[in-house]
Amino acid sequence: MEITSDIRISVILSTYNDEKYIAEAIESVLNQTYKHFEFIIVDDGSTDNTNRIIKSFDDERIVLVEKKNTGLINSLNYGFSVSKYNWVIRMDGDDICYPNRFEMLMSRISDNVAVIGSNCTLIDSSGKIIGRTKNPLTTKGIIRNLLLMLPSVFHSSTLINKEIFNETAGYDKLMHVAEDYDLWLRMSLKGEIINVEDELMYYRMHESNISKKKAEIQLLNSQIAFVKYINGKSGLINVQDYSIIKNVLEKKYIYKLYIKSGIKSKNKDNGKMSTLLFLSFNVLLKIWLLLTQRNIIR
């Protein structure tokens with residue numbers, strides 16, 4: 001499609017204590033080849049110099065939201081609620097956009113598209129390039145990878161159709177640590193999810209491993225998200241249904257094996273065998289859920 005200045009977009013960046021990276025992140029947005037956007041920065045109660053650095057930028061496109069620390073899900077939902085335009089670009093406080101990122105994402109806009117992501121250049125905490133992604137490009141490939149817990153859509157790389165986002169009621173606060181995974185599955189019930197083949201941003205990979213408790217929550221919520229998906233639930237889940245699914249899962253031995261293998265596979269010191277075991281148990285768990293849990297929630 002032809003990109004004109006008639007198309008306006010909103011950019012939402014949620015940040016918490018990103019003083020080391022936030023200036024470069026903001027500069028990469030302001031220096032885009034496409035200039036027609038509002039830039040909503042949600043400072044989620046930073047306690048370092050992040051807020052001061054944000055305020056050092058003098059650009060009329062910046063809308064600074066200052067709030068107490070309530071977490072990423074709340075911050076993003078609030079950012080979407082105050083955004084003006086129907087297409088919303090996501091950004092994290094430690095990532096860096098390529099100069100043509102917005103133009104390239106906008107070239108793929110279509111009414112039937114819910115989410116547009118891209119490939120990324122992976123960098124470490126010091127900015128050194130450590131890899132490049134090769135994510136699937138089509139909805140079919142992305143859903144396949146989502147269900148297998150393989151790389152699919154990088155959260156902060158996306159351009160999101162806000163009309164479809166609102167139809168799904170946004171990020172689910174119960175899906176902690178798996179909120180993007182859950183959102184992609186639900187939005188895929190309403191429209192296509194695609195990736196641009198080009199690398200359009202530097203995605204920062206931090207060295208710290210995910211904690212065991214956080215990994216358990218992420219793995220649990222990913223399976224709850226899958227149950228929602230196979231039940232065709234594009235909206236949010238209530239606490240009662242969440243508890244029902246959680247209780248069903250935690251009683252199954254296959255789920256315990258899935259959690260154990262999943263935690264090992266997230267440890268970078270483990271080899272291919274632990275990853276293969278995780279994928280195997282994940283497939284078995286998905287088959288069991290598919291066969292037995294289609295009508296578990298309303």
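Guide: The following conversation sets values against definitions.
Guide: This is a predicted model, in which local features need pLDDT of at least 70 and side-chain atom pairs count only at pLDDT 80 or more, while totals for chains, interfaces and linings use all residues. Residues are numbered from 1 along each chain as its sequence is written, and side-chain values use heavy atoms, with hydrogens and water left out.

Visitor: Why is Arg101 called buried?
Guide: Buried means under 20% relative accessible area, exposed means over 50%, and partly exposed lies in between (1.4 Å probe, protein chains only). Arg101 has 0% relative accessibility, and therefore counts as buried. Its place is in helix α4 (residues 101-106); helices (H or I, at least four residues) and strands (E, at least two) are DSSP runs, numbered from the N terminus.

Visitor: Which backbone oxygen does the side chain of Arg101 reach at 2.9 Å?
Guide: The side chain of Arg101 reaches the backbone oxygen of Ser156 at that distance. The backbone oxygen of Ser157 lies 3.1 Å from a polar atom of the Arg101 side chain. A polar contact is a pair of N or O atoms within 3.5 Å; within protein, one must be able to donate a hydrogen and the other to accept it, and residues adjacent in sequence count only if both atoms are side-chain atoms.

Visitor: Which residues are in contact with Arg101, leaving aside its neighbours within four places in sequence?
Guide: Among them are Gln32, Ile89, Leu200 and Met201, where contact means heavy atoms within 4.5 Å. Gln32 is 69 residues from Arg101 along the chain, and their C-alpha atoms are separated by 7.2 Å.

Visitor: What makes the pairing of Asp182 and Arg186 a salt bridge?
Guide: Their side chains meet at 2.8 Å, N to O, and the limit is the one already stated, so the pair qualifies. The two residues are 4 apart in helix α7 (residues 179-188), which means they are separated by about one helical turn. Asp182 counts as buried, at 0% relative accessibility, and so does Arg186, with a relative accessible area of 1%. Salt bridges that share partners join Asp172, Asp182, Arg186 and Lys228 into one network.

Visitor: How many salt bridges does a search of the whole structure find?
Guide: The search finds 9. One of these joins Arg90 to Asp92, with the closest N and O atoms 2.8 Å apart, and both Arg90 and Asp92 are buried.

Conventions:
Salt bridge = Lys/Arg side-chain N within 4 Å of Asp/Glu carboxyl O.
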